[in-house]
Amino acid sequence: MKFTKIFSDTLDHCYAIMRLTDNKHDYVIVASEENQPCYAYDLNNDYKRTTIWPDVGGTMTLVRIPGTMNFLATQRFYPGFNSAKCRIVKETFNGEGWDQTIVGDFPYVHRFDIIPHGDGLWFVGCSIANSKKDTDDWTDPGKVWVGDYNDQKEEVENLRALDIRLTKNHGYKNMGGYSLITSADGVYRLDYPTNDSDWMMTKFADEETSDIASADINGDGHPEYLAIEGFHGPHIRIYDDRFESIYYSEPNSPFGHAIWGGNIGDKQYFIFGWRQGSQELELIGSEDGKITTQTIDKQVGPSNVTVFSKDNELYLLSANREHNEVAIYHITDF
């Protein structure tokens, strides 16, 4: 498989990423985790850059409001993890750019999601801690917040915390029907409420995990899970669909961070990258029952990555944080 960098732009500490498209418009959104901008790049107009906001930043998560070109974003998740002033904002597309309103303050919320159901939208917010004396204080574990997002009022209603506390509550993955949440206490499944049951958390694995992705890399019809083990490493682990370990790396993944899983052509792969050491971005697959790897790029230190299609071609968007670079790679020969 070949990855050719076709676009590069400078954004200090670039971090959160998202594809945002409808029948007329097509953008990738990239935001900084520091007091720096959020940019939109127009895929229909030679990557023309629009500034969504010029500063504030501190953005960990971007979430599209379903059926619109509008989105929600965290801001002020700094310094480090001591983010008591974190907030969520709404960006409303006006045809040429975005107009901002403030949804509310959400202290320490690192990941959040909007989940459609019936005529409504559930809100899930994962706080990395509940309070902190300093960046390295983890004595007051994080919470899982749930509620209802009212887009007309631009606010979260009925907000409450579930009866669980998770230390270093960091990773989140929407699985389509349920979500996975990762922490120092392990990997959990979050089931959404039904007519017969409330929100429910079920533990899947005990190992400390900071992030997780899923893909059927061996083609057996069941998902595998790539987990960054420890807080941003130094190991990666691959689980089968029963959360039994099938691969465990040497401690060679310092500050593991970028993680993605899904289709590239007619096969599924993981993409993984780390922000220290060689700062590589790599492709992880499976051939004849053995894990395979391929280097995509070196010394870029990616924070987040995603694969997207455009005009029947495939591309990789990477926020190369340690290189302060927004990068798009054309994927061929797969």
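User: Which residues sit on each side of strand 20, and are they buried or exposed?

Analyst: Happy to start there, and please keep in mind that this is a predicted model. The general idea is that side chains in a regular strand alternate between the two faces of the sheet. In strand 20, H235, R237 and Y239 point to one side, while I236 and I238 are on the other, and all are buried, so both faces are covered. Because five of the five residues in 235-239 are buried, strand 20 is largely enclosed by the rest of the structure.

User: Which strands pair with strand 20?

Analyst: On one side of the pairing list is strand 19 (residues 224-229), which runs antiparallel to strand 20 and is joined to it by five bridges. One of the bridge pairs is E229 with H235. Strand 21 (residues 245-248) also pairs with strand 20 in the antiparallel sense, over three bridges. There, Y239 has S245 as its bridge partner.

User: How many salt bridges does the structure hold?

Analyst: As background, side chains of opposite charge can pair when their charged atoms come close. This structure holds 22 salt bridges. In one of them, the closest N and O atoms of R19 and D26 are 2.7 Å apart. R19 counts as partly exposed because its relative accessibility is 23%, whereas D26 is buried at 4%. Another salt bridge joins D206 and K203, at 3.2 Å from N to O. Here D206 is exposed at 57%, and K203 is partly exposed at 40%.

User: Why does the pair of R275 and E33 tie together parts that are apart in sequence?

Analyst: R275 and E33 form a salt bridge whose closest N and O atoms are 3.9 Å apart. R275 lies in the loop between strand 23 and strand 24, and E33 in the loop between strand 3 and strand 4, so the pair ties together parts that are 242 residues apart in sequence.

User: Where does D151 lie, and which side chains does it meet in polar contacts?

Analyst: D151 is in the loop between strand 12 and strand 13, and counts as buried because its relative accessibility is 16%. Its side chain makes polar contacts with those of K90 at 3.0 Å and Y149 at 2.7 Å.

Note on methods. Residues numbered from 1 in each chain as written. Predicted model: local features only at pLDDT ≥ 70, side-chain atom pairs only at ≥ 80, totals over all residues. Heavy atoms only, no water. Helix = DSSP H or I, 4+ residues; strand = E, 2+ residues; numbered from the N terminus. Buried < 20%, exposed > 50% of the residue type's maximum accessible area, 1.4 Å probe, protein only. Polar contact = N/O pair within 3.5 Å; in protein donor to acceptor, adjacent residues only side chain to side chain. Pairing = 2+ DSSP bridges. Salt bridge = Lys/Arg side-chain N within 4 Å of Asp/Glu carboxyl O.
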